[in-house]
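Dear colleague,

I am passing the structure on to you below, and after it I set out what was found in it.

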Amino acid sequence: MQKNILENEISINILRFMPEKIKQMKRDKATTLYIGPQHPGITGNMMVRLKVEGDTIVGAKTEVGYLHRAFEKLVERRNWVQSFTMMCRFCVPEPDPVEESYARAVEMLDNIEIPERAKWIRVLVLELARISSLLLWHAGQGHSLGLYTMGQWSVGDRNYVLDLFEELTGARIYHMYIWPGGVRRDFPEGFEDRVLKTMDYLEKRLEDYDNLLFENSIFQKRTQGVGYVDPKTAIEKGVVGPVLRGAGIKSDIRIDDPYEVYDKLDFIVPTQTGSDIWARALVRRVEIRQSIRIIRQVIENIPKGEVYTKVPNPQKWKIPRGDAYSRTEAVRGEVGMYVVSDGGTKPRRVHFRGAAYVHAVTLLEEVLIGQNIADVSAIMNSLGTCPPEIER
């Protein structure tokens with residue numbers, strides 16, 4: 001009895017010294033939780049502010065701009081050739097499709113026809129970049145669910161692809177190889193054989209990936225039915241790439257609006273109907289095999305000849321007035337470049353269309369509602385998020 005009286009007196013004394021605003025504060029069960037920013041990983045340089053009740057998400061807000069930004073304005077302050085060196089910064093895991101989109105836009109503005117061999121080489125580079133990005137995606141998807149062996153395997157195998165890039169372009173990540181007029185240099189001696197040897201190795205490794213990841217019951221339970229994207233919503237919001245194909249909608253620019261020599265190649269566009277993390281994972285799994293298939297066709301059919309159409313002195317090169325839009329199918333979906341020229345030595349306006357703006361803002365903020373906080377990283381990775389594409 002004496003103890004209860006003492007506790008009541010203490011409570012009354014505490015309330016007496018509390019500010020009035022604190023006394024009137026509404027007690028809410030919801031808590032704000034911040035995911036990121038931290039650099040490592042594809043989605044590391046962005047933050048998602050979550051409102052959670054228990055471990056269930058009831059609100060989500062994407063915040064970006066913590067790393068690379070303002071690319072469009074940086075490009076507009078450089079001449080036509082200098083600008084292409086900025087393209088690889090839009091999305092580090094897969095820079096080559098951005099280089100491709102910019103190069104084709106400039107070529108459209110100045111009516112430049114690139115050599116036939118250069119077109120085949122560009123396709124080879126784009127598909128190698130696709131494989132490299134997909135292998136990195138496998139690492140991220142495994143890590144997001146605690147399966148770190150997947151990352152060790154796939155990142156290690158990705159290094160063999162980066163070896164090819166280093167041999168061809170002189171760089172492992174920022175290649176700056178596809179530029180207006182064609183490509184910077186031809187294959188080194190014996191390069192085709194080394195490409196085929198790498199493709200043979202990677203194709204055999206896919207069975208190991210299946211055993212470790214796709215046939216893993218934990219991975220299946222953590223991804224099936226999680227991160228669902230309604231197909232109707234996907235179309236309305238402009239979703240592209242594996243996220244759209246994972247919703248059962250067959251869409252791929254390489255087929256729908258062929259560029260370079262994709263209309264001469266035989267490959268399929270995989271689709272799934274689950275529209276969840278699992279479906280998007282299966283789409284990406286099949287795409288590795290299809291890229292290997294395309295690369296073999298390129299090596300078999302590539303013609304001899306020049307790889308570059310000479311352009312004027314970069315310091316004096318003036319592009320005729322006009323505008324052009326070109327688009328390329330990257331792993332994350334459509335990447336487009338809208339370029340405007342006022343007849344000068346620099347672009348008047350450059351606008352980049354990347355998949356991440358839709359996927360990591362309007363879509364992610366909606367998809368996360370009702371999900372468990374343990375699934376946030378897996379959902380983000382499955383949507384193909386590349387933050388610098390947003391704050392560009």
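Which helix gives the most to the lining of the second largest cavity? It is H6, with three residues. Before the details, please note that this is a predicted model, in which local features need pLDDT of at least 70 and side-chain atom pairs count only at pLDDT 80 or more, while totals for chains, interfaces and linings use all residues. Residues are numbered from 1 along each chain as its sequence is written, and side-chain values use heavy atoms, with hydrogens and water left out.

A cavity here is a set of points, on a 1 Å grid over the protein atoms alone, where a 1.4 Å probe fits but cannot get out, and its lining residues have an atom within 4 Å of a point; points are joined across faces, edges and corners, and the volume is the space filled by probe spheres set on them. Helices H5 (116-144) and H6 (148-169) each supply at least two residues of its lining, helices being DSSP runs of H or I with at least four residues, numbered from the N terminus. Among the lining residues are Ala129, Ser132, Arg158, Leu162 and Phe165.

H6 also packs against helix H7 (residues 191-214): their axes, lines fitted to C-alpha atoms over the stretch in contact, come within 11 Å and cross at roughly 170 degrees on a scale from 0 to 180 degrees between N-to-C directions. That makes H6 roughly antiparallel to H7 (an angle over 145 degrees). The contact (heavy atoms within 4.5 Å) includes Trp153, Tyr160 and Leu164 of H6 and Phe191, Tyr201 and Leu212 of H7.

Finally, there is one disulfide, defined as a pair of cysteine sulfur atoms within 2.5 Å. Cysteine 91 and cysteine 386 form it, with their sulfur atoms 2.1 Å apart, and the link is right-handed, with 115 degrees about the S-S bond. Cysteine 91 lies in the loop between helix H3 (71-75) and helix H4 (96-109), and cysteine 386 in the segment after helix H14 (376-382), so the pair ties together parts that are 295 residues apart in sequence.

With best regards

Key. On a 1 Å grid over the protein atoms alone, a cavity is a set of points where a 1.4 Å probe fits but cannot get out, and a pocket is an open set with protein on both sides within 12 Å along at least five of seven lines; lining residues have an atom within 4 Å of a point. Angles under 35 degrees count as roughly parallel, over 145 as roughly antiparallel, 65 to 115 as roughly perpendicular and the rest as oblique.
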